[in-house]
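Trainee: I would like to go through a structure that is new to me. Could you show it first?

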Amino acid sequence: MNIEHSKTKPSLGRGSLFFMVIAAAAPLTTMAAFAPLGFMLGGVAMPLGYIIAGITYIFFAIGFLALVRHNPRGGAFYTYISMGLGKNIGVGSALVAYVSYALGQIGFCAAAGVFAHQALLSLHIDIPWYMCAVTMAMLSGGLAYFRVELNALVMGIIIIAEISILVIFSWTVLQQGGAEGISFTSLNPFKLFNSGIGTLLVVTFLVFIGFEQTAIYSAEAKDSKHTVSHATYAAILFLAVFYFITSWSIYIAIGANNFEKALASDPANLVFNLATQYLGSFFSSIMLILVLTSFFAGILALQNASARYLRAIAVDHMLPKVFASTNNYGMPKFAGIFQMILVILFIILSYLFKIDPYAQLVIWTNTPTIIGILILQAITSISVIRYFMNDAGETTLWQRFIAPSLATVMLLSVVYLLLHDMPLLTGMSLYINILITLPLIIAFIAGFIRSVFSKKIVRSKNLNSFKNRA
């Protein structure tokens, strides 16, 4: 696969790639928005769900990174699925990946707009949610136009601030003993099966979506074979441990006797209320501000990923050539602008058609994001196995078969649980849920047909050329 290099020399180190991944995971937003949801849907054992997800993605990364070392030129799912399963499936998967990340960015922007609107209202400033969302989309698109290391620096500063306040919160709760003393109830493995393990795993796997972005930036990384590998493992281990400790601290802060009452009363503000209780109103206000910056870091990460997918597909002549263009900083030019305008257009149309940004738009966009990425990760693991069947190279049996096989089984199990419990997650009927996932199906079919048609054109041209010479 011909993934062209950018105009600038590779400049990203382990730290930059690490922050790109953590930004997409949005630690503070995840804990503030999804921890209460995870406890509500999955029960008290949610901290263990992050460990299960972490183990699964370690298995996935072992095979995935073995493949990356054989082709460290960027493209992520597109490149590595094509290597094992062929160009047609690769192009179809690439469009699924793009649609998944693009929808994720739209959902992130919408949620950020709602949150920003509410935060500004507390300051007696009334700016509609869609204007806040459009502003964030424009800022992320503008920043993504410049050197990728500048993006990494901005995200690094934001992420360090997010992590710091959550570490302070967890340390304070554990030091004070929480509401009822240190409890290990939520760490009991048998609690995983007391309630909906499917919905619990969906929430915990969600925060790992985007860690494969290290491979997207491999062409821009210094010593990519080692940098990508180290950054990927570091990100997975950090996310698993960090979310485990933080979610456990939240449970302890609530207390077992007050657990159900706290979740039923005000789950949206639960973490902020706990921060006020244990750290004071000042830290709670700081946390509120950092949630906004956390949203922005996530939007920026998804903007970069979406634009790079478009460019990678275009470089391989599967999209108009203009999508492959880069600016003076070596960043995707037309693809980046296109992605920014697309997000803004969706936000404005949602406002004009009176679509609820949180109850509808976020669900309609982020649910297919989860489904699409999980399926692509499973297909990538299958591609690893298929690729190394022909050429094992220097890989071990563990790298080329056992670990990717385990990852495939675990990922497909989560996909099944997600689809089975999808009505519970979305609150919608079967037919509406099918419509929600339809963009993924259309994207794969369109990419597959485009690739097949492109090959036929090339073969036809070659045949005509041969006849003319004859």
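Mentor: We shall take the model as a whole and then some of its residues.

Trainee: What kind of model is this?

Mentor: This is a predicted model, in which local features need pLDDT of at least 70, side-chain atom pairs count only at pLDDT 80 or more, and totals for chains, interfaces and linings use all residues. Residues are numbered from 1 along each chain as its sequence is written, and side-chain values use heavy atoms, with hydrogens and water left out.

Trainee: What is the mean pLDDT of the protein?

Mentor: The mean is 85, and 90% of the residues reach 70 or more. pLDDT is the predictor's confidence in each residue, from 0 to 100.

Trainee: Where is confidence lowest, and where is it highest?

Mentor: The lowest mean, 72, belongs to helix H9 (residues 213-216), and the highest, 96, to helix H14 (residues 334-352). Over residues 1-7, pLDDT stays under 50, and the model has 22 contacts beyond four places in sequence for them. A contact means heavy atoms within 4.5 Å. Where pLDDT is low, the predicted coordinates should not be read in detail.

Trainee: How many helices and strands are there?

Mentor: The protein has 18 helices and 0 strands. Helices (H or I, at least four residues) and strands (E, at least two) are DSSP runs, numbered from the N terminus.

Trainee: And which radius of gyration does the protein have?

Mentor: The value is 22 Å, which agrees with the figure near 23 Å that a compact globule of 470 residues would have. The radius is taken over C-alpha atoms, and the globule rule is 2.2 Å times the number of residues to the power 0.38. Along its principal axes, the C-alpha trace spans about 85 × 50 × 45 Å.

Trainee: How much of the protein counts as buried?

Mentor: Of the 470 residues, 56% do. Buried means under 20% relative accessible area, exposed over 50%, and partly exposed in between (1.4 Å probe, protein chains only). As for contacts between residues at least 6 apart in sequence, 83% of them join residues at least 24 apart.

Trainee: On to helix H16: why does its span agree with its number of residues?

Mentor: Helix H16 covers residues 397-420, and at 1.5 Å a residue its 24 residues should span 34 Å; the end C-alpha atoms are 33 Å apart, so the two agree. The expected span is 1.5 Å times one less than the number of residues.

Trainee: Where does H16 bend?

Mentor: The bend is at Pro404 and comes to about 25 degrees. That is the angle between axes fitted to the seven residues ending there and the seven starting there.

Trainee: Which residues of H16 are buried, and what do they pack against?

Mentor: The buried residues include Gln399, Ala403, Pro404, Ala407 and Leu411. The buried residues of H16 pack against helix H3 (46-70), helix H8 (197-206), helix H15 (357-390) and helix H17 (422-426).

Trainee: Which residues does Gln377 touch?

Mentor: Gln377 lies in helix H15 and counts as buried, at 0% relative accessibility. Not counting residues up to four places away in sequence, Gln377 touches Tyr57, Phe60, Phe77, Phe211, Glu212 and Leu411.

Trainee: Now Tyr243: is that residue buried or exposed?

Mentor: Tyr243, in helix H10, counts as buried because its relative accessibility is 0%. Tyr243 and Leu28 are 215 residues apart in sequence, yet 10.0 Å apart in space, C-alpha to C-alpha. His230 is also found in helix H10 (residues 224-254), but His230 counts as partly exposed at 38%.

Trainee: How many salt bridges are there?

Mentor: The count comes to 1 salt bridge, where the term means a side-chain nitrogen of Lys or Arg within 4 Å of a carboxyl oxygen of Asp or Glu. The side chains of Lys87 and Asp316 form it, at 3.3 Å, N to O. Lys87 lies in helix H5 (residues 87-121) and Asp316 in the loop between helix H13 (281-315) and H14, so the pair ties together parts that are 229 residues apart in sequence. Lys87 counts as partly exposed at 25% relative accessibility, whereas Asp316 counts as buried at 9%.

Trainee: Last topic: what is the phi of His317?

Mentor: Phi of His317 is near 65 degrees, a positive value in a residue other than glycine. His317 is found in the loop between H13 and H14 and counts as exposed at 58% relative accessibility.
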